[in-house]
Amino acid sequence: RYARAVVLFRKEKNLKAFQREIDQLIRMDPGNPYFYELKGQFLLEAGQASRAVPSLRNAVKLAPNSGLIRILLAHALLTANQPRLIDEAVTQLRRAVVRENTSPEGYRLLAMAYGRKGLTGQASLASAYQYLYQGKLKFAKEQAKRAQTKFREGTPNWVKADDILKFQPPKIR
């Protein structure tokens, strides 16, 4: 049934049939976070971010230690483009990057959320981490330098930006 739901969405592009299948799976096993995650992911991919949010909230509730599901929920929250959801997206992303601390996508979305809140220093710092974990050190340092100008010297965020500025990749012999 799970495979059939995926095929209905991916191959046949039949969102209604997919929803019937995934809803049947959820009724059979309402404690399975991955069924809610799949439903939310496919609704998000189908351009229905607002409809994806409740399923992804359920998935996070059932799997609170999954940073990846939190990142997906935050993606839906931001894509829904409702200002009242931005704080929730920030909260989800901050929790997610604790577990998925090298996730460029988590930091990219966090930068976007902070940008929408007008928190340019935090947005630049999150972008610096995104680029760092993508292996784009030049861009990471540019963003870290920009972030540092928004924080008082010696504060935790200033130090984080300074750490990125001072970072040198290990020499390979």
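Q: What covers the buried residues of helix H10?
A: The cover includes helix H8 (120-133) and helix H9 (137-148), where contact means heavy atoms within 4.5 Å. Helices here are DSSP runs (H or I, at least four residues), numbered from the N terminus. The model is predicted: local features need pLDDT of at least 70, side-chain atom pairs count only at pLDDT 80 or more, and totals for chains, interfaces and linings use all residues. Residues are numbered from 1 along each chain as its sequence is written, and side-chain values use heavy atoms, without hydrogens and water.

Q: How do you know that the buried residues of H10 lie on the same side?
A: Trp-158, Ala-161, Asp-162 and Ile-164 are the buried residues of H10 (residues 156-166). They cover an arc of only 160° around the axis, so they share one side of H10; the arc is that of the directions from the helix axis to the C-beta atoms. Pro-156 and Lys-166 are exposed on the other side.

Q: Why is the pair of Tyr-129 and Tyr-133 called stacked?
A: Rings of Phe, Tyr and Trp (its six-membered ring) pair if their centres lie within 6.5 Å; planes under 30 degrees apart count as stacked, over 60 as edge-to-face and the rest as tilted. Tyr-129 and Tyr-133 have 6.2 Å centre to centre and 15° between the planes, hence a stacked pair.

Q: What makes Tyr-129 buried?
A: Buried means under 20% relative accessible area, exposed over 50%, and partly exposed in between (1.4 Å probe, protein chains only). Tyr-129, at 17%, therefore counts as buried, whereas Tyr-133, at 31%, counts as partly exposed.

Definitions and conventions: Helices (H or I, at least four residues) and strands (E, at least two) are DSSP runs, numbered from the N terminus.
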